[in-house]
Amino acid sequence: MASTSETGHAVNIANFKKIIDRCGEFGTRYHPENAALELATMTTQWENAAEAHTTYLEKWGDTRVPINDRENLFEGLDIVVGRSYNIYKSTEATARNKQDAKALAQKIRGINVVVRKLEDGTPDPKYVSTSHQSFIKKIENFTNLVHLYKTDSTYATNETDLTTASLDSLLATMKLTNDAVEGLIAIAIGYRNERDHLLYDDKRGIVDVVQKCKSYVKGVYGGISPEAKSVVGIILRRFMRLKPV
């Protein structure tokens, strides 16, 4: 089940097509001077919005598995950090260095990275930017922790997965995974932005075009005519207002 706003965008696009079809039924009586209200122009605008919306949903769907994989990878980080810090505590490192390591470990394990999801399991776009910052912070703090271990000769372990080389490898995987996810998200957001501009730009967006179309039909047939009511009764809702780019 999609969020209310995402469902609303789809309804707007579908209702725009209904209005176009209804106006087409008026035949030669529907002959606006405003080129933006011509059936061919509005049809092209509807096709572009429908394509952008469909592509956005497809591209957003492409992020589902990578986002889940990233969550799984980062969830395991807390255990690794806790184990490595306890190893470090067992060394002859200075109290100041151990305190710095403790502070970094607490920051890493204290940041809750939660990506809320819709009922169909798809990550909710509203929480992407917030979760992104949390992943970035985890990477930043883990980078500093690994650097501390690498610059302190007292950090040594027989646990192969906790050596600085292994931690470096994990860090590289985290960075690559996060960058890949953000790349996919950026592509999806690009199509979402395109759709939103087509729907909600001031004056030339679909929602504003529909209002002009309704006014024209009322001018042709009269505001209380069945023809006007059949068009006015098809509702498009504004979820945002965007200036033309």
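**Entry 1: a loop residue**

I started at Lys-203, which sits in the loop between α7 and α8. Helices here are DSSP runs of H or I with at least four residues, strands are E runs of at least two, and both are numbered from the N terminus. Before going further I noted that this is a predicted model, in which local features need pLDDT of at least 70, side-chain atom pairs count only at pLDDT 80 or more, and totals for chains, interfaces and linings use all residues. I also noted that residues are numbered from 1 along each chain as its sequence is written, and that side-chain values use heavy atoms, with hydrogens and water left out.

Back to Lys-203: its phi is positive, about 75°, although it is not a glycine. Most residues other than glycine have a negative phi. Is Lys-203 buried or exposed? It counts as exposed, at 64% relative accessibility. My cut-offs are under 20% relative accessible area for buried, over 50% for exposed, and partly exposed in between, with a 1.4 Å probe and protein chains only.

**Entry 2: the whole chain**

I counted 9 helices and 0 strands in the chain. Read along the sequence, the pattern is α-α-α-α-α-α-α-α-α. Of the 245 residues, 40% count as buried. I then looked at contacts between residues at least 6 apart in sequence, where contact means heavy atoms within 4.5 Å. Of these contacts, 77% join residues at least 24 apart.

**Entry 3: the cores**

Next I looked up the nonpolar cores, each a set of buried Ala, Val, Leu, Ile, Met, Phe, Trp, Tyr and Cys residues joined through side-chain atoms within 4.5 Å. Which residues touch the most other members of the largest one? They are Phe-142 and Leu-145, out of 24 residues in that core. Two or more residues each come from α4 (77–89), α5 (95–110), α6 (128–151) and α7 (164–200). α6 gives the most, with 7 residues.

Leaving aside neighbours within four places in sequence, Leu-145 is in contact with Val-81, Ser-84, Ala-101, Leu-104 and Ile-108. Apart from this core lies another, of 23 residues, and Ala-50, Val-217, Ile-234 and Leu-236 are among them.

**Entry 4: α3 against α7**

Two packed helices are described by the angle between their axes and the distance between the axes. I use axes fitted as lines to C-alpha atoms, for helices over the stretch in contact, with angles from 0 to 180 degrees between N-to-C directions. The axes of α3 (residues 64–75) and α7 come within 10 Å and cross at roughly 155°. That makes α3 roughly antiparallel to α7; the label needs over 145 degrees, while under 35 is roughly parallel, 65 to 115 roughly perpendicular and the rest oblique.

The α3 and α7 crossing is left-handed, meaning that the near helix is turned anticlockwise from the far one by less than a right angle (clockwise would be right-handed). From α3, the contact uses Pro-66, Ile-67, Arg-70, Leu-73 and Phe-74. From α7, I listed Leu-170, Thr-173, Met-174, Thr-177, Asn-178, Val-181, Glu-182, Leu-184 and Ile-185. These contact residues divide into 9 nonpolar, 3 polar and 2 charged. For that tally Ala, Val, Leu, Ile, Met, Phe, Trp, Tyr, Cys and Pro are nonpolar, Asp, Glu, Lys and Arg are charged, and the others, Gly among them, are polar.

**Entry 5: α2 against α8**

I found that the axes of α2 (residues 39–61) and α8 (residues 206–221) come within 11 Å and cross at roughly 150°. α2 and α8 are therefore roughly antiparallel to each other. The crossing of α2 and α8 is left-handed. Met-42, Gln-45 and Ala-49 in α2 meet Ile-206, Val-209 and Cys-213 in α8. I sorted the residues of this contact into 5 nonpolar, 1 polar and no charged.

Gly-61 lies in α2 and is partly exposed, with a relative accessible area of 33%.

Val-11 and Arg-237 are 226 residues apart along the chain, with C-alpha atoms separated by 8.8 Å.

Tyr-216 belongs to α8. What does Tyr-216 touch, not counting residues up to four places away in sequence? I listed Arg-29, Tyr-30, His-31, Pro-32 and Leu-37. Tyr-216 and Leu-37 are 179 residues apart in sequence and 8.7 Å apart in space, C-alpha to C-alpha.
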